[in-house]
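Please open the model in your viewer and keep the sequence panel beside it. The tour below moves from the whole chain to single residues, naming at each stop what to select.

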Amino acid sequence: MEAVPRMPMIWMDLKGAGPFSFRPTVKQFILRNYGGNSEEHGEALKKLESLRRSAVNVNQDFEGCSTLKKYLGQLYFLQSRVPMTTGQEAAVPVTWTDLYSGRAVTHDDIRYEQASVLFNLGALHSFLGAMDKRVSEGGMKVSCNHFQSAAGAFSYLLDHLTHVYSSELRSHSLTANIRLMLAQAQECLLEKSLLDNMKSLVIARICAQVVDYYKQCVWAMESADSSVLAKKEKEWMKIISMKIWYYSAIAQLHMGKQAEEEQKFGEAVAYFQSSHDRLNEAIKLSKGLPESQVQKALRFSADVIRGKLNSGKKDNDFIYHETVPAADKLASPKGVSLVKPSPFNPTDPSATGPDLFSTLVPMAAHEASSVYSEEKAKLMRDVLSRIESQNRTLEQFMDSLCLDSAALGAALSPSLPGTLLETCAALSVRPNAVQSLVQAMQVLAGLTTEVDEHLDELRKVLQETSCTHGPAWEETQKELERYERVHTDATHTNTELHTRMSQHLPNLRLLQGPVEELRANLPQTQLTEDDRAASEQMQRILGKVNEMREQRRSLEQQLRELIHRDDLTSVLVTTEHSEIKDMFQQQLQKYSELTGYIEQNLAAQEKILTTLTDANARYAPVRKNLAHTHTQWQSAVRALQASYEDYEDLLRKAEEGRDFYQGLVGKCSTLLQRVKTLSLDPGESRDAGGTPLVKPRTKIPLVSEEAPETPTPLPRGKSCPPSGGPALQQALNTPPTFNNQPHATQMPYPLLPWQQTAAPPLHQQPAQTPPSSVPQMFVGHPHFLPPFPGQPQVPGYPGIPFPGQNRPGAPPQNQMQAPPFPGVVYMPPFTCPYPYGPPFQNPQASGTSQTQHDPRSYPGAAPPFIPTQMQPHLLPRQATPPAAPAAEDRPSEQLSSQEGQDVLQARLDQLHLHTQETGADPGSAHTAS
């Protein structure tokens with residue numbers, strides 16, 4: 001049956017309109033009662049007239065429906081402000097044509113204009129619904145909506161405009177129109193159900209309701225006076241009667257199909273026979289109607305019904321042999337209505353558009369609006385008082401338990417704070433951060449040790465130095481004490497830095513490692529299964545409490561906003577005074593849904609708090625454990641963050657300490673150099689009168705240009721530190737160089753005339769074997785000079801001449817200083833320093849001038865070589881010669897050969913004895929500071 005042709009639909013004609021000259025009268029009333037700008041009101045009236053012209057000559061389409069609704073709404077807005085009904089001050093004549101009689105009907109009532117426009121709106125919807133062919137699902141839906149909208153317009157007209165202004169506006173006619181529109185809307189849904197192949201019983205019930213609506217329409221038409229009915233309505237009754245029989249047949253057909261599905265084959269045959277009989281009645285009533293769609297639908301349906309009847313009879317006669325019941329004993333399907341008139345509001349802003357007369361508000365509307373506002377405020381106060389009471393109870397209960405769902409969740413599964421994650425990220429891009437800090441502290445510790453060594457050496461030097469008087473020594477002592485104080489204070493700082501570093505290093509390594517490792521090293525909560533279940537239940541209930549709070553707050557806010565936006569002033573303008581109270585109750589009902597939700601929320605609080613009390617009793621022991629662990633976790637996180645914050649400070653202070661100790665090392669080295677210089681140069685230590693406390697000794701400079709002119713002395717009995725300078729054996733075995741040239745090529749000083757005519761260079765002289773009595777320290781040394789022929793020899797030491805004796809061009813005897821020691825040749829000095837004290841100071845020889853003569857003061861003279869066995873304690877302290885000089889203090893010419901040998905042998909024995917006592921190796925490295 002889904003392919004059955006569609007039956008034609010019925011529609012109403014539009015009423016014709018006459019004149020309605022309302023502008024002058026309405027304008028005068030507005031100026032007289034409302035005042036204001038006449039031009040503004042005149043413009044509104046012009047727009048209203050333009051709308052009427054469009055409504056009277058409306059286009060038969062959807063836009064025409066919108067025009068009629070807009071004009072109708074503005075009429076209601078005008079009527080609510082200007083009295084224009086029968087007998088009122090601004091009433092004007094309204095003329096429309098009677099649809100049935102065709103006569104022009106005039107009434108001095110604006111409601112006649114409203115009723116005519118509203119009837120035309122319903123008629124236009126019926127026309128648009130009937131014009132669609134309904135071959136698709138969308139077309140069926142559109143037609144159904146138009147028929148329901150037409151029924152809604154006629155229903156509003158029947159309910160609100162009860163005065164009979166013309167024949168088509170009578171109640172029976174309007175009722176018939178409503179039932180006809182609903183029947184056709186249900187017919188559209190029947191076509192949709194056939195297209196969707198719904199169940200047979202559903203289709204049968206929809207068909208039954210179509211039949212019921214058409215029967216109600218016929219009853220309404222028959223109730224009216226037959227003289228009132230138009231010729232067209234009489235034609236409608238034939239079509240409606242035919243449809244009643246036709247859709248009864250369709251209903252019986254589907255009831256037979258339902259019986260077949262239930263395997264009631266005899267009953268099915270009875271339904272098919274009843275359907276066939278009813279269809280024959282419809283075919284009889286269709287005679288005289290236009291063939292087209294009606295005849296096509298009847299023929300198609302007859303073929304289907306006849307086929308089902310013959311097939312059912314054959315099956316029952318040859319197979320099932322069930323009894324076929326009589327037609328009057330068959331159950332009739334009960335109809336189900338799926339349509340209703342669409343609600344209609346003539347003042348709906350979405351349909352009417354802006355109110356052209358919104359500036360005109362009657363005093364009665366203001367008063368009614370104030371009354372409504374008070375009703376809303378009363379409702380709001382009642383709801384808020386109950387909400388506040390429950391909120392106080394909830395807050396007091398929660399404060400007594402001291403519970404917080406957020407804190408509970410953080411204790412169960414704490415998450416790393418964002419600042420700590422940023423710290424880990426900052427250290428991850430610096431892989432050598434911890435190593436840099438450790439290395440900085442190691443460098444600082446090394447410098448501290450170096451300063452300790454320097455200070456210890458300074459103290460030892462000062463303790464072993466005999467000359468500890470004078471301003472220089474006192475200043476040196478004060479400076480040493482100051483350095484010691486500074487070093488002591490710095491040592492405390494270093495200890496503190498090291499302690500802090502030791503505390504922070506584990507934390508820094510954790511921060512530099514993976515986040516999972518960091519999380520694993522933080523304190524963890526140890527819970528049993530029961531403890532975890534109690535915690536989860538407590539957290540779930542606290543979540544419910546928070547959800548209840550948020551829902552209550554949201555509902556309260558929604559209620560406030562809804563009441564604040566609710567303004568009925570514009571509605572009250574168009575409402576009759578007798579209907580205001582009922583409208584108030586109706587408008588307040590829209591808050592019932594929201595207030596109902598609030599009541600449910602308030603009622604649920606008591607149950608939730610009872611459950612929370614029981615859960616808290618089970619959660620109490622777990623809560624204590626969680627609180628303790630969470631406190632430890634927070635402390636650990638703060639410690640990690642503090643370690644990162646102290647890292648930069650530790651690194652900076654370590655670098656500052658390194659710079660400080662580097663400076664202190666330099667100062668201590670300088671002070672040590674000065675102390676060593678003072679210990680070798682006692683001339684710097686003087687008494688208050690400027691007299692040297694220790695006479696200066698003759699200083700032999702080093703040959704090397706890098707060496708200082710005056711060597712820094714060492715304390716007596718101390719060897720040179722093992723740093724810098726060549727070893728003594730290396731110096732003895734290596735020829736000295738002057739200005740980077742060998743000694744044989746260039747001398748470090750200009751030669752005297754007698755020296756310029758001396759023997760050829762050493763490398764050109766024939767090798768000579770020194771006597772066995774020559775000390776072994778001179779044998780093989782490049783500075784050993786064999787005696788020139790004819791030179792005087794040291795008694796008992798052949799080959800060792802006296803310097804300056806019998807040399808060609810030598811200065812006179814009285815201009816030369818006697819040799820400081822017999823048997824020692826004047827030659828360039830060794831490049832090694834003087835490890836055992838200042839050089840030998842030549843005493844004044846008897847019979848010579850009191851003026852001291854230093855061989856180095858001679859032009860081009862070479863400094864004397866002083867044997868190492870010369871000790872400072874052997875030197876005289878006074879310039880006055882002794883009364884009875886010893887053999888070693890007399891000139892060599894006054895000694896016999898045996899005395900010279902004894903003196904030299906004694907000096908050599910002292911040298912060997914000193915070497916054995918100090919453990920010094922003449923060939924080891926000794927340097928001067």
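## The whole chain

Of the 929 residues in the protein, 43% are buried, where buried means under 20% relative accessible area, exposed means over 50%, and partly exposed lies in between (1.4 Å probe, protein chains only). This is a predicted model, in which local features need pLDDT of at least 70 and side-chain atom pairs count only at pLDDT 80 or more, whereas totals for chains, interfaces and linings use all residues. Residues are numbered from 1 along each chain as its sequence is written, and side-chain values use heavy atoms, with hydrogens and water left out.

Colour the chain by secondary structure to display 24 helices and six strands; helices (H or I, at least four residues) and strands (E, at least two) are DSSP runs, numbered from the N terminus. With a surface drawn, the protein exposes about 48,500 Å², of which carbon and sulfur atoms supply 52%; accessible areas come from the Shrake-Rupley method with a 1.4 Å probe, and for residues only the protein chains shown count as cover. Among contacts between residues at least 6 apart in sequence, 79% join residues at least 24 apart, a contact being heavy atoms within 4.5 Å.

## Loops between helices

Select R134 in the loop between α4 (110–131) and α5 (137–160). Although R134 is not a glycine, its phi is positive, at about 55°, and the residue is buried, with a relative accessible area of 2%.

Next select H321, in the loop between α10 and α11 (349–352). H321 is not a glycine either, and has a positive phi of about 55°, but with 56% relative accessibility H321 counts as exposed.

Y320 belongs to helix α10 (residues 292–320) and is partly exposed, at a relative accessible area of 35%.

Move on to V429, in the loop between α14 (418–428) and α15 (433–464), where a relative accessibility of 63% makes V429 exposed.

## Salt bridges

The structure holds 29 salt bridges, each defined as a side-chain nitrogen of Lys or Arg within 4 Å of a carboxyl oxygen of Asp or Glu. Select R549 and E395, whose side chains meet in one of them at 3.4 Å, N to O. This pair links distant parts of the chain, with R549 in helix α18 (residues 529–565) and E395 in helix α12 (residues 363–401), 154 residues apart. R549 is partly exposed at a relative accessible area of 22%, and E395 is partly exposed at 38%.

Now select R459 and E484, which form a salt bridge whose closest N and O atoms are 2.5 Å apart. This pair, too, links distant parts of the chain, R459 lying in helix α15 and E484 in helix α16 (residues 471–512), 25 residues apart. R459 counts as partly exposed at 29% relative accessibility, and E484 is partly exposed at 23%.

Then select D649, R652, K653 and E656, which are linked in a network of salt bridges. A further stop is the pair D659 and R658, joined by a salt bridge with the closest N and O atoms 3.4 Å apart; D659 is partly exposed at 43% and R658 is partly exposed at 32%.

## The two faces of α20

Select helix α20 (residues 580–588), in which I580, M583, F584, Q587 and L588 are buried. Looking down the axis of α20, these buried residues fall within an arc of 130°, so they line one face of the helix; the arc is that of the directions from the helix axis to the C-beta atoms. On the face turned away from that buried side, α20 carries the exposed residues K581, D582 and Q586.

## Cysteines

How many disulfides does the count come to? A disulfide is taken here as a pair of cysteine sulfur atoms within 2.5 Å, and by this rule the count is zero. Finish by selecting C424, which is buried with a relative accessible area of 5%, and C668, which counts as buried at 0% relative accessibility.
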